[in-house]
Amino acid sequence: MVARLVIAAPSSGSGKTTVATGLMAAFTAAGLAVSPHKVGPDYIDPGYHALATGRPGRNLDAYLCGPDLIAPLFAHGAAGCDLAVVEGVMGMYDGAAGQGELASTAHVAKLLRAPVVLVVDASSQSRSVAALVHGFASWDPEVRVAGVILNKVGSDRHEALLREALDEAGVPVLGALRRVREVRAPSRHLGLVPVAERQADAVESVAALASRVREGCDLEGLLALARSAPALPGEAWVPGLESSPASPSSSSSAGRAEDPSVRAGYSAGPGRPLVAVAGGAAFTFSYAEHAELLRAAGAEVVTFDPLHDEQLPDGTAGLVIGGGFPEVYAPELSANEPLRKAVADLASSGAPVAAECAGLLYLSRELDGKPMCGVLDADARMSERLTLGYREAVAVSDSVLAPAGTRMRGHEFHRTAVVPGAGPTPAWGLHKPERRVEGFVQGNVHASYLHTHWAAEPGVARRFVERCTP
């Protein structure tokens, strides 16, 4: 039993991230162990959540993982915590296009049997706020909208009018935040700048959010509401039971903000292949469960930074390069010629390499004219077109991640292009919203734009580790 709240909003831009991150930080500062979660495939907000709580930010995506896995994944991430705060995505009822409620904040709230707090941008309205909240609260009777936090309130008089209107609607006001200069992270072509790129400023921003929320919100009332959530049925997801061979220490890092394997000089234990995972400011996109699955499958997982480390970790037997912003750091990545050569040599040796989005760019010949690793016969560049959305995919051929015919769901989110978009042996055949092949399978290299969540297909991690040699 974990106390829990879902922070939702009528639309994007209402202040969900401000409120959710501020609540996480405020409750953590009050001595509670807070488990942070984000609805949907977003990688950046969970970085701020992790900074606010000292625990890994985790995603709950009912499209990528399936509805049945949401409560088990939540229970896994929130184990041992006093409180879980779940930040929603877009508007509360907005989900996967053409799929009804699937993957919406409302859908996840129902799967978690969690009370919802609606964050409303109250600027330019007074009594109308009651109609807005009433509509959201009554649209789906299975969704429990149990409170409102008013954002961008102009004055004491404005707040009084809003509270009076909401008294008539029967939904309690649990906070009111004044219309002041927003405490926010800077943005660029794909949204917020990740924490790893602005660590000191991000710490200051999160502290300011905590102070603002403490002053404007009823923390005791919100905690009482969270504690009213009923018990969740079923068992928590356990990566050690999904991937084998598991060891008693395989999932012992669950819930810790840091992995001791990142310390300098760490090497794999006897019989356990070492999988190097790209990190640092250029490669910030990853799901916490991926490393847990790799460990559960028998690997040691070590993080390295392609911006600064000139060699792969000693004994690297497999390489995972996730998403991020290599386009921002193309000159620095290119300048690290020793590491680029080490990556190319590892790939040519036949070691398994899994590259996703940013990793695909890094393995290309060049990115915006800057030499990259040259593993793939492809060139990458920035594009004017934003590619965004969920995808249904099938593995075109056997690879280090999946046998041919494996069906997975994924997500694309990039403003770059790779030419050609697929190799002689593509990685995926995409079926929705358009039919095309995408990515590269080249020896034991799997490179693609598609972000997938390995918890949905735990055989991915097991297959990858089996192809690593100690």
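Trainee: Which elements do the buried residues of α14 pack against?

Mentor: They pack against β10, α10 (288-296), β12, β13 and β17 (407-419), where contact means heavy atoms within 4.5 Å and buried means under 20% relative accessible area with a 1.4 Å probe, counting protein chains only. Helices (H or I, at least four residues) and strands (E, at least two) are DSSP runs, numbered from the N terminus. Keep in mind that this is a predicted model, in which local features need pLDDT of at least 70 and side-chain atom pairs count only at pLDDT 80 or more, while totals for chains, interfaces and linings use all residues. Residues are numbered from 1 along each chain as its sequence is written, and side-chain values use heavy atoms, with hydrogens and water left out.

Trainee: And how many residues of α14 are buried?

Mentor: Six of its eight residues are buried, namely G459, V460, A461, R463, F464 and V465.

Trainee: Switching to the sheet, what is the strand order?

Mentor: The order is β11-β10-β12-β13-β21-β20, in an open sheet of six strands with mixed pairing, and two strands pair if DSSP finds at least two bridges between them. β11 (300-304) and β20 (440-442) each have a single partner strand, so one side of each is left without a neighbour in the sheet.

Trainee: Where does α14 touch that sheet?

Mentor: Helix α14 (residues 459-466) touches β10 (274-278), β12 (316-321) and β13 (353-356), and its direction makes about 145° with that of β12; axes are lines fitted to C-alpha atoms, for helices over the stretch in contact, and angles run from 0 to 180 degrees between N-to-C directions.

Trainee: What about β17, how many bridges join β16 to it?

Mentor: 12 bridges join β16 (residues 379-395) to β17, and the two run antiparallel.

Conventions: Buried means under 20% relative accessible area, exposed over 50%, partly exposed in between (1.4 Å probe, protein chains only).
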